[in-house]
Amino acid sequence: MSDNDRPDLINPMTEYPAPPFPEQPQPWPGLQSKMRPIPDCGETSYRGSGRLAGQRALITGGDSGIGRAVAIAFAREGADVAINYLPAEQSDADEVLNLIRDAGRTAVGLPGDIREEAFCKQLVADAVTQLGGIDTFVNCAGRQHYARHIEELSTEDFDWTLKTNLYALFWLIKAAVPHLKPGSSIIATTSRNAYQPIDILIDYALTKAGIANMVRGLGKQLLPQGIRVNGVAPGPFWTPLQVCGAQPQSVVAEFGADVVYKRPGQPVEIAPVYVTLASPEASYVTAQIWGITGGNGVPG
Ligand code: NAD
Ligand code: MG
């Protein structure tokens with residue numbers, strides 16, 4: 001083989017932006033269209049190969065960041081996709097819905113707040129009606145808000161984080177399971193913080209540990225019904241969540257510098273993991289957490 005025949009190889013360490021990043025505070029929940037640089041969710045790069053042909057997926061947090069990259073990848077792999085997001089994120093969501101349609105798939109936008117059980121039930125019911133059923137449920141919605149000291153962590157904030165990250169996951173899975181046929185799967189998003197909690201994210205980290213634990217237990221419980229349950233544990237990824245209160249702005253400026261890559265991941269770099277977990281090729285994979293943490297080996 002001559003050098004001219006080799007594929008175009010790209011060094012992954014330098015492939016995407018590295019810190020320093022500009023400080024860029026946004027009000028919660030943040031818009032990715034206003035970030036600098038704008039996160040890469042595969043809009044122009046992700047190429048599918050029919051790995052999820054005919055699947056019907058409900059993805060929470062599908063407007064931006066990791067959930068957006070998953071929604072784009074799923075559609076290009078042949079899935080019809082419903083996304084949930086907050087009404088304030090409609091402009092980000094509209095871009096995703098257009099990209100799903102551009103891929104030739106059905107796109108359904110279902111805005112609303114998952115901190116309410118009644119809405120979670122309605123969300124699943126609407127996805128089932130509009131997609132004609134669901135085979136994959138992916139939870140990417142999440143709330144992360146730092147507090148430097150436990151005395152600064154209000155009960156309201158603690159409750160907000162637990163409602164978004166844990167209660168909603170419970171309500172959504174409970175509503176989805178009756179619709180999931182053998183061969184279906186559930187994918188939840190946990191975090192490196194489930195294993196190595198940092199000191200200013202006590203409430204967030206405990207929810208992510210809870211999600212990882214739920215994945216392991218539910219995976220065992222639901223496999224007899226033919227439903228696989230897995231989790232993805234991201235390290236630092238460049239998403240709106242990070243610039244609207246998840247971290248102090250000084251951490252945003254150096255975001256990703258602490259991992260082996262010395263840069264954050266871009267959402268497009270984690271979407272293939274969700275695709276693989278949802279695909280029928282992962283038939284023997286359940287109750288597992290797949291860590292994509294920037295080379296730091298968590299979970300180990
Ligand atoms: P993101 O801000 O793009 O996505 C989070 C989404 O959560 C928002 O777009 C919003 O639609 C949704 N959401 C929040 N509260 C909601 C509510 N009450 N009702 C409905 N939707 C709500 O950020 P992201 O980083 O892509 O986050 C996706 C997931 O990845 C989250 O669970 C997050 O905890 C997890 N995660 C992210 C990182 C990272 O470094 N970015 C690291 C580890 C884990
Ligand atoms: Mg968003």
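Which polar side-chain atom lies 2.8 Å from an oxygen atom of ligand 1? One belonging to glutamine 242 does. The model is predicted.

## Surroundings of ligand 1

Ligand 1 is surrounded by 32 residues, and the closest are Ser64, Ile66, Glu89, Tyr204 and Thr239. Serine 64 has a polar side-chain atom 2.6 Å from an oxygen atom of the ligand. In lysine 208, a side-chain N or O atom is 2.9 Å from an oxygen atom of ligand 1.

## Magnesium site

The magnesium ion (ligand 2) has Asp63 (OD), Ser64 (OG) and Glu89 (OE) as its protein donors, at 2.1 to 2.2 Å. Their spacing along the chain is D-S-x24-E. Aspartate 63 is in the loop between β1 (56–60) and α1 (65–76), while glutamate 89 is in the loop between β2 (80–85) and α2 (90–102), so the pair ties together parts 26 residues apart in sequence.

Aspartate 63 is buried, at 2% relative accessibility, and glutamate 89 is buried at 7%. Although buried, aspartate 63 has no salt bridge; arginine 68, the nearest side chain of opposite charge, is 6.7 Å away. The side chain of aspartate 63 does make a polar contact of 3.0 Å with the side chain of serine 64. Leaving aside residues up to four places away in sequence, aspartate 63 touches several others, among them Ile83, Tyr85, Glu89 and Val96.

## Salt bridges

The whole structure holds ten salt bridges. One of them joins arginine 51 and glutamate 281, with the closest N and O atoms 2.8 Å apart. This pair links distant parts of the chain, 230 residues apart: arginine 51 is in the segment before β1, and glutamate 281 is in the loop between α7 (271–278) and β7 (289–292). Arginine 51 is partly exposed at 24% relative accessible area, whereas glutamate 281 is exposed at 57%.

Aspartate 80 and arginine 105 form another, at 3.1 Å between the closest N and O atoms. Aspartate 80 belongs to strand β2 and arginine 105 to the loop between α2 and β3 (107–111), so the bridge ties together parts 25 residues apart in sequence. Aspartate 80 is buried at 14% relative accessibility; arginine 105 is partly exposed at 26%.

Aspartate 258 pairs with arginine 192 in a salt bridge whose closest N and O atoms are 3.3 Å apart. Aspartate 258 lies in the loop between α6 (249–253) and α7, and arginine 192 in the loop between β5 (185–189) and α5 (202–222), so parts 66 residues apart in sequence are tied together. Salt bridges with shared partners also join Glu43, Arg68 and Glu95 into one network.

Notes: Residues are numbered from 1 along each chain as its sequence is written. Chains are lettered from A and ligands numbered from 1 in the order in which they are written. This is a predicted model: local features need pLDDT of at least 70, side-chain atom pairs count only at pLDDT 80 or more; totals for chains, interfaces and linings use all residues. Side-chain values use heavy atoms; hydrogens and water are left out. Donors are N, O and S atoms within 2.8 Å of the metal (3.2 Å for Na, K and Ca); water is not among the atoms, so sites may look incomplete. Helices (H or I, at least four residues) and strands (E, at least two) are DSSP runs, numbered from the N terminus. Buried means under 20% relative accessible area, exposed over 50%, partly exposed in between (1.4 Å probe, protein chains only). Lys and Arg count as positive and Asp and Glu as negative; His and the chain ends are not counted. A salt bridge is a side-chain nitrogen of Lys or Arg within 4 Å of a carboxyl oxygen of Asp or Glu. A polar contact is a pair of N or O atoms within 3.5 Å; within protein, one must be able to donate a hydrogen and the other to accept it, and residues adjacent in sequence count only if both atoms are side-chain atoms. Contact means heavy atoms within 4.5 Å. A residue is near a molecule or strand if one of its heavy atoms lies within 4 Å of it.
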